[in-house]
Structure formats: structure tokens, C-alpha cells
Amino acid sequence: MLSPLPGFLGEQRPSTRPESDFTLDVPRAEQLRLKMKKEKQFRSRCRWFFYFLSIVFFLLSVMVVSLILTRGKRMFGSMI
């Protein structure tokens with residue numbers, strides 16, 4: 001007989017917490033290790049991508065502000 005409240009009287013429900021994936025069997029542990037490694041690499045790639053993107057947007061915003069303030073004129077001679 002099922003209890004009316006989940007988790008009541010010994011009924012176990014699966015958890016979504018990372019600790020619930022902990023296991024001691026070798027194949028599952030290896031699978032979990034590979035999954036965590038791929039997720040770490042993905043986070044690292046995303047981090048580098050957004051660093052690069054933020055630098056590009058920062059430089060573009062500096063260029064736009066300088067063009068707006070100088071009205072497109074060259075103040076100190078050739079830029080090249």
C-alpha cells in the first residue's frame with residue numbers, strides 16, 4: 001500500500017541532488033567520471049568564449065564612445 005505523503009513511512013523518492021549520483025560500482029563510477037569531465041570541459045569552453053566576447057564588446061564600446069565624442073575627427077593624427 002502506498003502512503004499518501006511521498007517520503008512518509010520509508011517510501012524513497014529519487015533525489016536530484018548531485019550526491020545522489022554517488023555510487024561504488026566501477027562501470028557506473030567510470031561513466032559518472034567521464035560525464036563530469038565533459039561537463040567541466042564544456043563549462044571551460046563557455047567561460048573562454050564569454051571572456052573573448054566580453055573583450056570584443058568592451059573594445060567596440062570604447063571605439064563607439066570615442067567616435068561619438070570626437071564626432072569622427074582625428075584628434076592626434078593618423079591612427080595607422
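The exercises below start with the whole chain and then go to pairs of side chains; keep in mind that this is a predicted model.

**Exercise 1. Work out how many helices and strands the chain has, and check whether the span of H1 agrees with its number of residues.**

Step 1: Count the elements. The protein chain has one helix and zero strands.

Step 2: H1 has 45 residues, and at 1.5 Å a residue they should span 66 Å. The expected span uses one less than the number of residues.

Step 3: Compare. The end C-alpha atoms of H1 are 66 Å apart, which agrees with that value.

**Exercise 2. Find the aromatic pairs and classify their geometry.**

Step 1: Search everything. The whole structure gives two aromatic pairs.

Step 2: Take Trp 48 and Tyr 51. Their ring centres are 5.9 Å apart and the planes sit at 90°, so this pair is edge-to-face; the cut-off for that label is an angle over 60 degrees.

Step 3: Trp 48 has a relative accessible area of 61%, so it counts as exposed, while Tyr 51 is at 45% and counts as partly exposed.

Step 4: Now do Phe 49 and Phe 50. With 5.3 Å centre to centre and 70° between the planes, Phe 49 and Phe 50 also make an edge-to-face pair. Phe 49 is partly exposed at 46%.

**Exercise 3. Which residues make the nonpolar surface patch?**

Step 1: List the members. Phe 52, Val 56, Phe 57, Leu 60 and Met 63 form the patch, and its area is about 510 Å².

Step 2: Leu 60 is in helix H1, and its relative accessibility of 42% makes it partly exposed.

Step 3: The protein chain exposes about 8300 Å², with 68% of it supplied by carbon and sulfur atoms. Of its 80 residues, 2% count as buried.

**Exercise 4. Track down the salt bridge and say where its partners lie.**

Step 1: Count. The structure holds one salt bridge.

Step 2: Name the partners. The side chains of Arg 33 and Glu 30 meet at 2.6 Å, N to O.

Step 3: Arg 33 and Glu 30 are both in helix H1, three residues apart, about one turn. Residues three or four places apart on an α-helix point the same way, because there are 3.6 residues a turn.

Step 4: Arg 33, at 43%, is partly exposed, and Glu 30, at 36%, is partly exposed.

Key: Residues numbered from 1 in each chain as written. Heavy atoms only, no water. Phe/Tyr/Trp six-rings, centres within 6.5 Å; stacked < 30°, edge-to-face > 60°. Buried < 20%, exposed > 50% of the residue type's maximum accessible area, 1.4 Å probe, protein only. Patch = residues over 30% accessible without salt bridge, like charges linked within 9 Å, V, L, I, M, F, W, Y side chains within 5 Å. Areas by Shrake-Rupley, 256 points an atom, 1.4 Å probe, with all protein chains shown as cover. Salt bridge = Lys/Arg side-chain N within 4 Å of Asp/Glu carboxyl O. Helix = DSSP H or I, 4+ residues; strand = E, 2+ residues; numbered from the N terminus.
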